[in-house]
Amino acid sequence: MTTVQKIKEIEDEMAKTQKNKATSYHLGQLKAKLAKLRRELISPSGGGGGGGAGVGFDVARTGVASVGFVGFPSVGKSTLMSKLTGTHSEVSEIDFTTLTTVPGTVKVHGAPIQILDLPGIIEGANDVIAVARTCNLIFIVLDVLKPLGDKKIIEGELEGFGIRLNKKPPSILVRKKEKGGIAITNTVPLTNVDQDEIKAVLSEYKLSNCDVTIREPNITADDLVDVIEGNRVYIPAIYVLNKIDAISIEELDLLYKIPHSVPISSREWLNVDELIEYMWEALDLVRVYTKPRGLSPDYSQPVVLRRGKCSVEDFCNAIHKEIAKQMKYAIVWGASAKHSRGQKVGLDHILEDEDVVHISKK
Ligand SMILES: Nc1nc2c(ncn2[C@@H]2O[C@H](COP(=O)(O)OP(=O)(O)OP(=O)(O)O)[C@@H](O)[C@H]2O)c(=O)[nH]1
Ligand SMILES: [K+]
Ligand SMILES: [Mg+2]
């Protein structure tokens, strides 16, 4: 039996099995088995490892963040990408027009964002999804004239490749020990998983001595599998509902109910400004303005940093790699500063969006 067939068999069995106290151990086993089989599918083609670049379709990365366009053929990815970035990417009504990754750049609030127009996906299109795995944001582009079931299929493809959409890493800690058996500690009551299911997963991974600490009530067995597998990436996604020029207002009202979605028409350029704003928010970037001594801040050229990598040291390194060494102290104005007249800080100070920074050299 091939891996794909084995996966199908387990999925079928899971669908047949009702979740209750008597079946939870069995279900836990199945979920772990499924994850191990899926890993086999990811690993041989590369890319599935520690977030490495996608094989084949990868391109040089520019700008501070990248957005990958994922969707079935002819949903309008290239139409959107071309107009957004001014870069030519072939458009036609024929499926699979785009055959490789086409990069472009759009400047949003002073920050250069790389846009990756990707080939239309087919089920099992690992090369495309390997590129999506390395992006900071994914646009799942859907054609509103096509069945909404397409959304589920694409989500399944991305999830199968270890991508978790619009989700935080689960608050579970698994610590292996030499001996002592299994100890499960939950700081809150668990609503979606029981001890049997947790034990089944641990046993499937041959973890017979470990401490498991869970700090969220809604944890599932799949979340535990994700933590044990360890190679998951958590990426925000926006559902771009394209071609709304072709439907009625009533139909559009229904579509607005999809979470994280923005209805647009890329061809008629409807509501694209809202999409760009949503994209900006989802990227969660931090703009920092430099202020030379005795001059007012330079608001035209922000230094753009990523959340989680936005200390004064990151700011210095983004300008020039020698600056951090030469710095005596920095003065910060804005949301991260304690007072409005400016705060004297060191390299480890964490900056906020729209802060102003003056670097004082030794
Ligand atoms: N009505 C309508 N048609 C659109 C819109 N956007 C794109 N199209 C049409 O949809 C077809 C496919 O557009 P593409 O941009 O090539 O789609 P794609 O997703 O890049 O397709 P592949 O590269 O083949 O995966 C073209 O005929 C476009 O003119 C839109 O907003 N409204
Ligand atoms: K096309
Ligand atoms: Mg295309």
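Student: I'm looking at isoleucine 350. How does isoleucine 350 count, and why?
Tutor: This is a predicted model, to begin with. Isoleucine 350 counts as partly exposed because it has 16 C-beta neighbours inside 10 Å. A residue needs 20 or more to be buried, and 12 or fewer to be exposed.

Student: Where is the place of isoleucine 350?
Tutor: Isoleucine 350 sits in the loop between S15 and S16.

Student: How far are its C-alpha atom and that of aspartate 314 separated?
Tutor: The two C-alpha atoms are 9.2 Å apart. Along the chain, isoleucine 350 and aspartate 314 are separated by 36 residues.

Student: You mentioned S15 and S16. What order does the open sheet of 5 strands have?
Tutor: The order is S13-S12-S16-S14-S15. The pairing in this open sheet is mixed.

Student: Which strands stand at the edges there?
Tutor: Strand S13 (303–306) and strand S15 (343–345) do. Each has a single partner strand, so one side of each lacks a neighbour in the sheet. From one strand to the next, the twist averages 35°.

Student: Take S14 and S16. How many bridges join them, and which way do they run?
Tutor: S14 (residues 327–333) and S16 (residues 355–361) run antiparallel, joined by 6 bridges. Methionine 327 faces lysine 361 in S16. Alanine 330 is opposite isoleucine 359, again in S16.

Student: And S12 with S16, parallel or antiparallel?
Tutor: Parallel, with 3 bridges between S12 (residues 285–290) and S16. Threonine 290 has valine 357 of S16 as its bridge partner.

Student: Let's zoom out. What domains is the protein chain divided into?
Tutor: Domain 1 covers 3–45 + 170–231. Domain 2 covers 65–167 + 234–283. Domain 3 is 286–361.

Student: How far apart do domain 1 and domain 3 lie?
Tutor: Their C-alpha centres are 44 Å apart.

Student: What does the C-alpha trace of the protein chain span along its principal axes?
Tutor: About 70 × 60 × 40 Å.

Student: How many helices and strands are there in the protein chain?
Tutor: It has 11 helices and 16 strands. The chain is 362 residues long, and 33% of them are buried.

Student: On to the open sheet of 6 strands. What's the order?
Tutor: S2-S3-S1-S4-S10-S11, with mixed pairing. S2 (102–108) and S11 (261–263) stand at the edges. Each of those two has a single partner strand, so one of its sides has no neighbour in the sheet. Neighbouring strands are turned by 25° against each other on average, direction ignored.

Student: In what sense do S1 and S4 pair?
Tutor: S1 (residues 65–70) and S4 (residues 137–143) pair in the parallel sense over 4 bridges. Glycine 68 has isoleucine 138 in S4 as its bridge partner.

Student: Next, S4 and S10. Over how many bridges do they pair?
Tutor: Over 6 bridges, in the parallel sense. Isoleucine 140 is bridged to tyrosine 239 in S10.

Student: Is S10 mostly covered or uncovered?
Tutor: Mostly covered: in S10 (residues 237–242), 6 of 6 residues are buried.

Student: Which of its residues point which way from S10?
Tutor: Ala237, Tyr239 and Leu241 point one way. Ile238, Val240 and Asn242 point the other way. All of these are buried. In a regular strand, side chains alternate between the two faces of the sheet.

Student: How many bridges join S10 to S11?
Tutor: 3 bridges, and the two strands run parallel. Tyrosine 239 has serine 261 in S11 as its bridge partner.

Student: What unit do S10, helix H8 and S11 make?
Tutor: A right-handed β-α-β unit, with H8 made of residues 249–255.

Student: Last topic, the ligand. How many residues surround ligand 1, and which are the closest?
Tutor: There are 25 residues around ligand 1. The closest are Gly76, Ser78, Thr98, Gly120 and Arg267.

Student: Which helix gives the most to the shell?
Tutor: Helix H3 (residues 77–85) gives the most, with 3 residues.

Student: How do the residues of that shell divide into nonpolar, polar and charged?
Tutor: The shell around ligand 1 has 6 nonpolar, 12 polar and 7 charged residues.

How values were computed:
Residues are numbered from 1 along each chain as its sequence is written. Chains are lettered from A and ligands numbered from 1 in the order in which they are written. This is a predicted model: local features need pLDDT of at least 70, side-chain atom pairs count only at pLDDT 80 or more; totals for chains, interfaces and linings use all residues. A residue is near a molecule or strand if its C-beta atom, placed from the backbone, lies within 6 Å of it. Ala, Val, Leu, Ile, Met, Phe, Trp, Tyr, Cys and Pro count as nonpolar, Asp, Glu, Lys and Arg as charged, and the others, Gly among them, as polar. Two strands pair if DSSP finds at least two bridges between them. Axes are lines fitted to C-alpha atoms, for helices over the stretch in contact, and angles run from 0 to 180 degrees between N-to-C directions. Domain bounds come from an automatic or database domain assignment. A crossover is right-handed if, with the strands pointing away from the viewer, the path from the first strand over the helix to the second runs clockwise.
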